[in-house]
Every structure is written in structure tokens, then in C-alpha cells.
Amino acid sequence: VTKLSVIRASKSVIDGSLASADLELSADVCIIGSGAGGAVVASVLAAAGVSVIVVEEGGYFSTADFDMHEAHTVPKLYQEAMQRTTADLAVSVLQGRAVGGTTVVNWTTSFRTPEAVVEHWAKKHAVGGFHYADIVPHYEAIEARLSIHEVDESAMNRNNRKLYDGCKSRGFAVAPTRRNVYQCMQTGYCGTGCPINAKRSMLVTMVPDAIDAGARLLFRCRIDRLESSAGEITAATGTLLDASGYAVTGKRATIKAKRFILSGGAINSPAVLLRSGLNENGLVGTRTFLHPTIGVTGLYDEPIEAFYGAPQTAASHAFAHRGDDVGFFMEAAPGYPVLSATAIPGFGASHRQMMETFAHRTLHIALGIDGFHDDVPGGTVKLRPSGAPLLDYPIPPRLWEAFRTAQTRLVEINLASGAKEVTTLHDPPITVTGEKDIHLLDAARWEPCRVGVFTAHQMGGCRMGDDPKGSVVRSEDLRHHTIKNLHVIDGSVFPTSLGVNPQESIYGLARLMASRIAPR
Amino acid sequence: MNRRRFVQRGLFGGALLLLGGGGLMLYPTRRIASASKPLRVLDDRGFQVIVAVAARVITAPDADPVVLAERIDESLSRTPPEAQADLASLVGLFENALPGLLLDGRATPFTRLDGAAQDHALMQWRDSSLVVRRSGYHALRRLCFVAYYGDERSWPAIHYGGPPDVKGFSHDDSKAGTPEWIAAQDQKAGAP
């Protein structure tokens with residue numbers, strides 16, 4: 001039994017905001033990031049007796065912070081307080097920033113990487129360092145550790161039920177999801193940090209496992225650079241942040257180690273490499289994928305209360321494979337008030353009218369599967385003059401086409417489930433009240449900032465592969481092609497998006513790679 | 001290429017932003033209110049514009065645009081410095097009559113328009129052929145909604161009951177839910 005409160009108070013946990021002088025730390029292995037990649041690697045290496053220090057930019061929060069109130073939790077738990085966007089402001093980027101990373105705020109949906117995706121990587125992206133079968137035992141171990149299991153269909157909230165029933169009635173394949181929860185009370189607030197620790201996020205599982213096994217954790221420290229000498233990384237240097245997480249204290253940290261593992265996720269890992277000048281082949285930050293996401297909202301006579309109940313319990317992959325056309329998959333999103341208000345189009349009285357009925361509204365989304373077609377190559381992470389990352393993601397025509405088709409499917413699903421009207425997230429919106437006016441959707445203009453687009457799944461930017469000219473890290477152990485003591489282990493190594501929610505893909509790959517790195 | 005085509009190409013976007021940042025003003029900004037605390041990101045002119053925008057975006061009777069603008073200033077402090085500068089430029093562009101005159105034939109600053117004309121200006125930005133103006137509309141509207149609907153006092157009117165009460169129930173065990181943990185619990189409870 002490992003009490004979270006005891007772990008959090010242990011001497012191994014260092015709060016960077018409290019440091020009264022510059023910090024100098026050292027370990028065998030320094031892991032940058034404590035999310036789905038870093039926490040898993042830390043727990044495996046620490047259990048193998050390796051001296052590990054994990055460095056995290058975000059804060060170390062607990063259920064005392066998770067009051068299910070967006071205004072209180074979002075600034076603590078999300079990158080840039082959920083104001084991160086792409087360069088043209090057309091795509092809102094939902095990405096976590098805390099001990100435990102995005103797993104603290106994700107909606108718990110757990111899929112293994114589809115086998116066909118791993119085969120595609122081998123064939124098209126020279127990923128020869130592992131086979132799907134190599135990851136399977138690691139998925140199994142993670143599933144046991146994180147209590148990942150299929151949702152009981154009867155436990156679906158009405159938001160998911162409308163998606164599920166609508167798909168069935170339309171003949172679209174749909175299935176209950178699997179979730180990493182234990183004794184879930186179905187509050188619905190996975191997105192603002194689970195208030196009862198039912199979600200088995202990294203914050204309450206692998207991070208405490210690692211600390212329990214001897215790892216140290218420094219939080220409120222943003223790594224600025226990796227310092228190198230003679231082709232090896234010698235130290236990671238960072239800035240300490242105050243308790244708000246948004247101002248610097250003026251103190252710095254230097255972490256020396258024999259080996260460095262970069263696990264900052266798909267936007268921050270490339271940014272660390274770029275700030276460090278480690279981009280010999282020019283590929284760092286390129287092919288960044290988002291599963292760019294659009295949505296619709298259906299209005300029903302009966303209450304939907306999309307804010308209560310497990311957020312994502314049904315998923316349809318009926319249109320994931322569309323041949324030459326870009327595929328998409330469909331899920332539900334939790335309709336918290338701020339999330340709903342920012343998604344719903346318009347302003348003033350028209351917006352207010354929609355908000356007054358938001359408890360009777362579904363929020364259904366379609367996620368574009370980017371990176372599998374040559375002309376859907378993802379975006380590029382660059383650096384702003386201050387060194388902060390900036391993601392440029394021009395949405396290509398074929399992705400807009402996928403959105404057009406996906407939007408029609410989402411409208412059809414809601415109509416089949418009994419919606420009185422279905423409204424797109426265009427601004428101005430298009431509202432459909434029956435099959436007869438589905439043709440109205442043809443008038444939708446698919447251009448940046450004419451329709452709400454967001455992303456909760458950031459992938460790529462440090463892609464793996466066996467050709468040093470075509471990838472950033474090699475696929476057998478995710479080691480950097482030229483720097484022998486640097487690995488990148490997180491969602492940034494994926495050469496394409498996944499077509500499924502990414503958390504379990506990152507856990508499984510991280511555990512496989514950590515087991516290869518760990519001393520035997 | 002005529003001027004309109006040039007503008008549509010979006011090549012003008014950067015120049016427009018520069019114009020918004022400093023810019024020649026035909027008429028001064030109307031002073032609507034003072035902030036009750038020191039501002040972190042916005043200057044006083046930007047603050048007045050945000051107050052005016054918030055009053056049109058949030059029309060709920062209980063909304064106080066000055067309070068919303070103060071919250072918006074605070075939330076902007078959580079973005080990178082370049083994003084803060086971009087937003088400041090957008091706000092300046094939104095207010096500034098010169099680009100307004102160029103693009104919409106509007107010679108009056110946003111803060112000096114009446115309510116209906118302000119709504120019209122917002123819609124012109126929403127429907128603009130320039131991505132930079134559409135993005136400005138979305139950024140401004142989003143900031144207002146975050147500031148307003150994040151406040152629990154806004155919830156009853158939209159029939160949102162707020163979060164459920166979960167007091168007294170929380171796992172404080174990192175191994176909760178694992179097969180070994182469940183077996184150990186069963187053993188403790190004397191289960192077979």
C-alpha cells in the first residue's frame with residue numbers, strides 16, 4: 001500500500017517554486033516530463049535500481065485542487081491555461097501541464113495502438129525496431145496496473161447514449177470504450193482532474209510508483225536547454241517557476257546525468273531540442289499531428305447534461321478508413337460550461353439563447369486522422385523569440401473534406417437519436433432541424449477561424465525510424481540517432497497520428513522501451 | 001491586383017497588426033471605466049476596448065464588463081509574451097479607425113460606436129476575408145466566455161447545477177484497482 005499523501009510529502013519530492021537558491025542535482029538518468037511517457041519510464045527504471053530524477057514544469061496537485069470548477073482548475077492543469085492555439089489561432093490546443101501530464105486531465109479513453117498502424121509505420125516509415133507483438137505484453141501490464149476495462153453499456157451518460165444509439169440506428173459501427181478508472185463515481189469531471197482519484201492517471205499510479213522505488217521528482221521547473229559536449233548531453237538546465245506556474249522565480253536548476261530522456265510531449269519535446277540547437281537533419285518539430293477535431297451540438301427535448309457522467313464511453317470508427325480520403329472517428333465531449341460556451345458559436349443574444357439550453361445539448365466530435373496521406377503531413381513546431389513553442393498547422397484541403405463529411409455524419413446521428421435541431425460549430429452556425437434540410441450543410445465554409453477546431457491529441461514532431469536522415473530517434477530504443485545518451489520517449493515519436501485516443505499507445509511504447517533501456 | 005484582392009490574400013495581415021499596435025488614431029478611445037486593480041497585460045486603451053467588447057459579447061443582465069475585462073487581463077498573463085503582444089495588437093486594430101476605414105468604411109473607434117454598430121463591427125470581423133480579423137473575433141469572444149462562464153454565479157441562469165458533492169470519498173492509494181490490491185482487500189475483508 002502506497003499512500004499518495006505520504007509520497008507527496010516525501011523528501012524525494014522537490015518543489016522548485018520554494019528553492020531559495022539555484023539547484024544543482026544529479027542522477028544516473030534525468031527524465032524531462034512526468035506524463036504518459038516520462039512517468040512510465042521513471043517507474044520502470046527506478047524499479048530496476050537506476051537512480052532517476054524526473055523534472056516537471058507543472059505543479060503537483062491532488063484531489064484538494066480538483067474541485068471540478070473550470071476557472072480554478074484549468075489555469076493549474078493546462079498549458080497556457082487552455083489558451084494554447086496554433087499560429088493562426090484556428091485550432092485550440094488542449095494539453096495538460098502538471099505532475100502526471102495530460103493524463104491528469106484526459107477523458108480516460110484507452111485504446112491500444114491499432115496493429116495496422118504499427119505495420120504502416122514499419123512499411124512506410126522504416127520503423128523496424130519492434131513488432132506489434134512486442135508491445136502486447138506491455139499493454140497487458142499497463143491495463144492491469146491502470147485498471148483499464150470496457151465500459152458497461154448501461155453506464156453511458158445521455159451524451160454518449162445519443163451518439164451510441166444514433167450510430168446503431170444509422171448502421172455505423174460503434175462500441176463502448178475502455179477507461180482507466182477504478183470505482184468511478186461518474187462525476188464527469190475527468191477533464192478538470194478526477195476529484196476522487198478514480199481515474200488511474202500517472203499522477204496517482206506510475207509517478208508514486210517511481211518515487212516509492214527511489215526516484216526523485218523536481219516540479220515547477222521548465223527545462224530550457226540540454227547542454228552538450230563532444231556529442232553527449234551533459235546537463236539539462238531549467239528555470240524555476242513560482243507557485244502560480246506562470247512567473248519565474250529568478251532561480252535556476254541544473255541537472256547532471258549520464259542519460260537523458262525527453263518526455264515533454266509532442267509540442268514541448270521538439271521545443272526543448274530546438275532550443276538546444278539539436279536539429280541536425282531539420283526534422284525536429286515537423287510532422288506534428290493533432291487529430292484535428294470538429295463538433296456539432298444537438299438540441300433535445302429531454303435533459304442531456306453532457307457535463308455529468310463519464311465523458312467518453314462510446315466511440316465510432318466506422319469512417320476511420322476511407323481509402324484515398326482522410327478518415328475520422330467520432331466520440332462525445334464533456335459539456336462543461338466554459339468548454340461549451342467557447343465551442344458554441346456567436347455572441348450576445350444568439351449565443352446566450354444556446355447557452356440557456358446547453359443542459360439539453362449533446363456535444364459530439366469527429367477527429368481527423370492525420371499523417372497517413374502524403375498531402376496531410378501535419379504541422380510544424382517552431383520557436384517564438386522568447387523560446388516558447390509555436391505550432392503552425394495549416395489545415396490541408398483533404399482534411400477540410402473529411403470534416404465536411406464527418407459533420408454530416410454527426411448531424412445524421414443526432415437526428416436519428418431524436419434531436420430537435422443540430423447546430424454546427426461554424427460562426428455563423430448552420431442549424432438543421434430534419435433530414436429535409438441536411439443539404440444546408442453544403443453551404444458551410446471550411447476555412448480557418450470560420451469553424452471551431454480543437455485538438456486534445458498531440459503527436460509527432462520527433463518521429464522514430466531507422467533512417468537517420470528521415471527520423472529523429474531510432475525505433476529500437478528511441479535513442480537519438482547521433483546523441484548516444486539522449487532518448488525521446490513520449491507521443492512525439494509517432495510517425496503518424498494513431499486514429500485512436502493516444503494515452504495507452506504512449507504507455508505501452510514507453511514501457512517496452514524502458515524495459516529495453518533498463519539494466520538487466 | 002486591385003486593393004481588395006491584395007487584402008484577401010492575407011499578405012496585409014502583418015502590416016495590419018502593426019497598424020493596430022501603435023497606429024494613427026483618427027479619434028481617441030472612449031474612456032468607459034477604470035480597472036479596480038493594476039493591469040498585468042493590457043494597457044488602459046486595450047482595457048477600454050475589452051470592456052466595450054465584453055459588454056456586447058456577454059449580454060446576460062448580471063454581467064459586469066469591467067469585472068470581465070479584469071479577469072481577461074489576468075488570463076492573458078498566462079500566455080507567452082508574444083501571444084500577449086499579438087492580442088494587444090489585435091485589440092488595437094479592432095479599435096483603430098484607420099484600418100476600420102480602410103476595410104469597412106468605419107471611421108469611428110469601436111468604443112465610440114453604439115451597441116448595434118458594435119455588433120455590426122464584430123460581425124464584420126467574424127465574416128472578414130482576412131484570417132487575422134476572423135481570428136481576432138474568435139480570440140476576443142473566447143476570452144469573454146471564459147471570464148463569464150467560469151464564474152459560478154452565471155450557472156443558475158443556464159440551468160447548470162454545478163459539480164456533484166463527492167466529499168468523503170477519495171482513493172489515497174496508488175495501487176487501488178490493481179488485481180493484487182483487490183485480492184489484498186478481499187483477504188482483509190475475510191472474503192474467500
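This is a predicted model: local features need pLDDT of at least 70, side-chain atom pairs count only at pLDDT 80 or more; totals for chains, interfaces and linings use all residues.
A:Glu447 has 30% relative accessibility and counts as partly exposed (buried is under 20% relative accessible area, exposed over 50%, partly exposed in between; 1.4 Å probe, protein chains only). I then checked A:Arg445, which is partly exposed at 46%. The side chains of A:Glu447 and A:Arg445 form a salt bridge, 3.8 Å from N to O (a side-chain nitrogen of Lys or Arg within 4 Å of a carboxyl oxygen of Asp or Glu). Side chains of opposite charge can pair when their charged atoms come close.

I noted the ground rules. Residues are numbered from 1 along each chain as its sequence is written, and chains are lettered from A and ligands numbered from 1 in the order in which they are written. Local features need pLDDT of at least 70, side-chain atom pairs count only at pLDDT 80 or more, and totals for chains, interfaces and linings use all residues, while side-chain values use heavy atoms, with hydrogens and water left out.

**Other salt bridges**

I counted salt bridges over all chains and got 37. I picked out A:Glu412 with A:Arg409, at 2.8 Å from N to O. Both sit in helix H11 (residues 397–416) of chain A; they are three residues apart, so about one helical turn separates them. Helices here are DSSP runs (H or I, at least four residues), as strands are (E, at least two), numbered from the N terminus. A:Glu412 is buried, with a relative accessible area of 10%.

In chain B I looked at B:Arg56 and B:Asp119. Their side chains meet in a salt bridge at 2.9 Å, N to O. B:Arg56 is partly exposed at 23%, whereas B:Asp119 is buried at 19%. I also found a network: salt bridges with shared partners join A:Arg112, A:Glu143, A:Arg178 and A:Glu504.

**Chain B as a whole**

I listed the elements of chain B: nine helices and zero strands. Chain B has 192 residues, and 47% of them count as buried. Its accessible surface is about 9,000 Å², with 56% on carbon and sulfur atoms (Shrake-Rupley method, 1.4 Å probe; for residues, only the protein chains shown count as cover). I checked contacts (heavy atoms within 4.5 Å) between residues at least 6 apart in sequence; 63% join residues at least 24 apart.

**Where A meets B**

How many residues of each chain are in contact? I found 65 in chain A and 59 in chain B. The two chains bury about 5,200 Å² between them, 57% of it on carbon and sulfur atoms (accessible area, 1.4 Å probe, that two parts lose on being put together, summed over both). On the chain A side, A:Gln83, A:Phe347 and A:Arg352 lose the most area to chain B, together 14% of what that side buries.

I counted two salt bridges between the chains. One of them joins B:Lys175 to A:Asp209, with the closest N and O atoms 3.1 Å apart. Among the helices of chain A that each supply at least two residues to the side touching chain B are H1 (4–8), H7 (206–212) and H10 (348–356). H10(A) gives the most, with six residues.
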